[in-house]
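Please read the numbered paragraphs alongside the structure.

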Amino acid sequence: MMQSKQKAMTAALDNSLADAAVEGRSLWRDARVRFFRNKAAVLSLIVLALITLACIFGPMVLPHTYEDTDWDAMGIAPTLANTHWFGTDALGRDLLVRCLIGGRISLMVGALATIASVALGIVWGATAGFMGGKVDSLMMRIVDMMYAVPYLLIAILMVTLLGRDFYLVVLTITVFSWMDMARVVRGQTLAIKSKEYVEAAHAIGVSTPKIIFRHIVPNLLGIVVIYTTVTVPGVILTESVLSFLGLGVQEPMTSWGVLIQDGAGVMDASPWILLFPAGLLSVTLYCANYIGDGLRDALDPKDR
Amino acid sequence: MWSYTFRRVLATIPTLLAVITVCYLLLHLTPGGPFDGERKVSAAVLANLQAKYHLDLPLWQQYLYYIKSLLQGDLGASFRYADWSVNDLVGKALPVSAAIGGGAIVISLFIGVALGIVAALRQNSLIDYLVMLLGNIGGAFPSFVLGPVLVMVFAIGLEWLPAGGWDDFALRYMVLPMALLVFINISTIGRVMRGSMIEVLGSNFIRTARAKGLPMRTIVLRHALKPALMPVVSVIGPLAISSITAAVVTETVFGLPGLGKLIVNGAANRDYTLVLGLVVLVTVITVVLNLLVDLAYALLDPKIRY
């Protein structure tokens, strides 16, 4: 009796071991499972995807454009009666289309500035981490300096001097958003560089480029993904602040910050002009933050 | 301590120089000079003007002149506001920003710490969630959304307070801007305070104090508060700096004549010297305040070696 039970257990153990051997669980697979278990993060991902899709395709299918005045409906409240579901602004422009077009700009600035600052941060941090010594301390001094600078004011100065072109706004935001990534990547690079498996790879004669791409880069990816999601809301927020201050993209082109500024001016008479773009921006930022939290929980190797 | 202070002071110089130099170069890379106006100025007058402002010299000499006047505390003349020097404009704007920002940071310190303690003592209870929800309003919404909403509720809806403007430090006009800054600041202070208080309350010396039978009040106020405040000190510096010097959004929302409003107007009018002067000034203030916070931290925290 006892023996048969033990036998069964051994068999079960063998079976599960065999299963485990067949089904290797990579870090990324684990992370995916953990991420999709997080309801808030998944919901945020869906909402953010819907907002993005609406911003991309909405203006194509809706019957209005972002710059044309509807002379019969100026400054009307949201209504289901005609096609101005979000109402119109004081110039009779359809607010729904303007919100979506503004979302395009805000999300695009967010995406481009994030990609640029993440790339810069990785290159900067990885270089500093690999080189070490004098190069490292000089590069990190520059990062410290960037932190000490009142970035919003310098961003204002740059936009004033360089103009309010879309790509210059992206550049301005990028210049002040890459330092976190550089610090984190440098720290991680230093940590990985001294790990046993890298040493072992060196010892058995693996070439340096191969060590970098085979052992160091994959281990950087997790933390890069986490900090990228932290960067996105910050970048979108900075663009909105610049736009709100009248230093972003120019009329009739718009962004959420511009729309919020317009709305703040007329909120006693027509509060919806403020509330729709403000709501969209807040929801987007919220979603980005929750997705970031979800990814962090999913990818943080300390949190097994 | 003295050598640490000395090293920290020395380390600020390259930062300041780098910021000033980059901004100065940016300013001079842009096309157009200050006297390229609509009105044609005769060549002789132009030459005199350029000589007066050293614009006829090579760039590096102009730069040295600028540094020299900065060292004498002179930020130059404004391009747009005739008869005003940047110093005059700053002199009028700085007290406004300092009053609003300074007042707000003191209030948010008290409220934030109180909220953090309450939440930490009732960790994971309904009270904790409610308190943190209140504390997080400022963190969840961007300031330029929360500001107009405050105006909508308290100025337009309830008509308790003016929607904006400024009347020579009259308290009525200061309440809403300060409330906005307080909302923003307490979300950070409250969260940090809650976290550090929970950590401190779980440590051994608090358990000892409890074992001695001390009342909770004494434990919190006499034993736990001081160590729990250390992380708050480290966030209060940046918060104070941003409340005073970079309250750009707040001052725009409420139309306050402070530093932030000045720089936004300067940017809109392309008043280069004004914006450059303000950036230099704010950088100096920021760097000095950061330095003071670091030094205070080193003094307060026995664990920090220097």
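1. A:Asp144 is partly exposed, its relative accessible area being 31% (buried means under 20% relative accessible area, exposed over 50%, partly exposed in between, with a 1.4 Å probe and protein chains only). This residue forms a salt bridge with A:Arg183, with the closest N and O atoms 2.5 Å apart; a salt bridge is a side-chain nitrogen of Lys or Arg within 4 Å of a carboxyl oxygen of Asp or Glu. A:Asp144 belongs to helix H5 of chain A and A:Arg183 to helix H8 of chain A, so the pair ties together parts that are 39 residues apart in sequence. A:Arg183 is likewise partly exposed, at 39% relative accessibility.

2. On the basis of the note: this is a predicted model, in which local features need pLDDT of at least 70 and side-chain atom pairs count only at pLDDT 80 or more, while totals for chains, interfaces and linings use all residues. Residues are numbered from 1 along each chain as its sequence is written, chains are lettered from A and ligands numbered from 1 in the order in which they are written, and side-chain values use heavy atoms, with hydrogens and water left out.

3. A salt bridge also joins the side chains of A:Arg186 and A:Asp136 (2.6 Å, N to O). A:Arg186 lies in helix H8 (residues 179–193) of chain A and A:Asp136 in helix H5 of chain A, so this pair ties together parts that are 50 residues apart in sequence. A:Asp136 is buried at 8% relative accessible area, whereas A:Arg186 is partly exposed at 22%. Helices (H or I, at least four residues) and strands (E, at least two) are DSSP runs, numbered from the N terminus.

4. In chain B, the side chains of B:Arg194 and B:Asp128 meet in a salt bridge at 2.8 Å, N to O. B:Arg194 is in helix H7 (residues 171–201) of chain B and B:Asp128 in helix H5 (residues 126–140) of chain B, so parts 66 residues apart in sequence are tied together. B:Asp128 counts as buried, at 2% relative accessibility. Over all chains, the count comes to three salt bridges.

5. How many salt bridges are there between chain A and chain B? The count is zero. Helices H5 (133–148), H6 (151–162), H10 (208–244), H11 (256–265) and H12 (272–299) of chain A each supply at least two residues of the side of chain A that touches chain B. The largest share of that side, nine residues, comes from H6(A).

6. The contact (heavy atoms within 4.5 Å) takes 32 residues from chain A and 35 residues from chain B. The two chains bury about 2,900 Å² between them, 86% of it on carbon and sulfur atoms; buried area is the accessible area (1.4 Å probe) that two parts lose on being put together, summed over both. In chain A, A:Leu153, A:Leu157 and A:Leu161 lose the most area to chain B, together 22% of what that side buries.
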